[in-house]
Amino acid sequence: MIRYFCVLFFSIIAFAQQDSLTVAVPDSLTTYMFYLDEVDLLGDNNSQKEYRRLKQRVYKVYGFAKLTVSNLDKIDKTLASLKSKRDKKKYFKIAENYLTEQFEPRLKKLSYKDAMILIKLINRQSGLTTFDLIKNYKSGFKAVVSNTTARLFSLNLKTKYLPKDVKEDFLIEKILNEAFANFILVEQKPANPINFEELKQYWTSKK
């Protein structure tokens, strides 16, 4: 999978279904082992329930975020090797058609809340917002149109992953670290290093 995946994702976001509790962990092992660290920021039962639902969403879409950037350089290297604009355009169209055929059925099953988490994780893994990726690979006009459409579903393609500023983002990072430690998800390093221990201390002090 290549970086262009995120463009495909938001070209079909209007098909997103209503919120679902379906759990799909395509990137995980089949044996589940859990441990909880000493940080308790979950509060009452309702907060714990929301945390469990957030965990399901992270498990569901982390694999998509990884796929978006796992072969980040392939499309760039291929385009760089092509001499003419015609060849580049032809290659890009082939890649687009392939991705649509392979991933559109799976992406249609994502809810808008799944999409919100995916937007953040794409930023975590790539270092760029989805808006910027669409702008770079398609056009500024396409990026604006895509973001306008996404806003109809309460989504913002310019959303960044900010685990030090947004509590939900910190909880996502907590979920990821636990999943990596327990071999539930296979880790892909983020574009920018994240010191989870410092984040943990910061949010514990805020509590």
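Helices (H or I, at least four residues) and strands (E, at least two) are taken here as DSSP runs, numbered from the N terminus. The model is predicted, so local features need pLDDT of at least 70 and side-chain atom pairs count only at pLDDT 80 or more, while totals for chains, interfaces and linings use all residues. Residues are numbered from 1 along each chain as its sequence is written, and side-chain values use heavy atoms, with hydrogens and water left out.

A salt bridge is a side-chain nitrogen of Lys or Arg within 4 Å of a carboxyl oxygen of Asp or Glu. Searching the whole structure with this criterion gives eight salt bridges. One of them lies in helix α9 (residues 196-206), which holds both K200 and E197, three residues apart, or about one turn of the helix. Their side chains meet at 3.3 Å, N to O. K200 counts as buried at 8% relative accessibility (buried means under 20% relative accessible area, exposed over 50%, partly exposed in between; 1.4 Å probe, protein chains only). E197, with a relative accessible area of 43%, is partly exposed.

E178 is buried, with a relative accessible area of 5%, and K174 is buried at 3%.

A further salt bridge joins D114 to K60, with 3.1 Å between the closest N and O atoms. This pair links distant parts of the chain, as D114 sits in helix α5 (residues 112-126) and K60 in helix α2 (residues 45-70), 54 residues apart. Both D114 and K60 are buried. Together with R57, these two residues are linked in a network of salt bridges.
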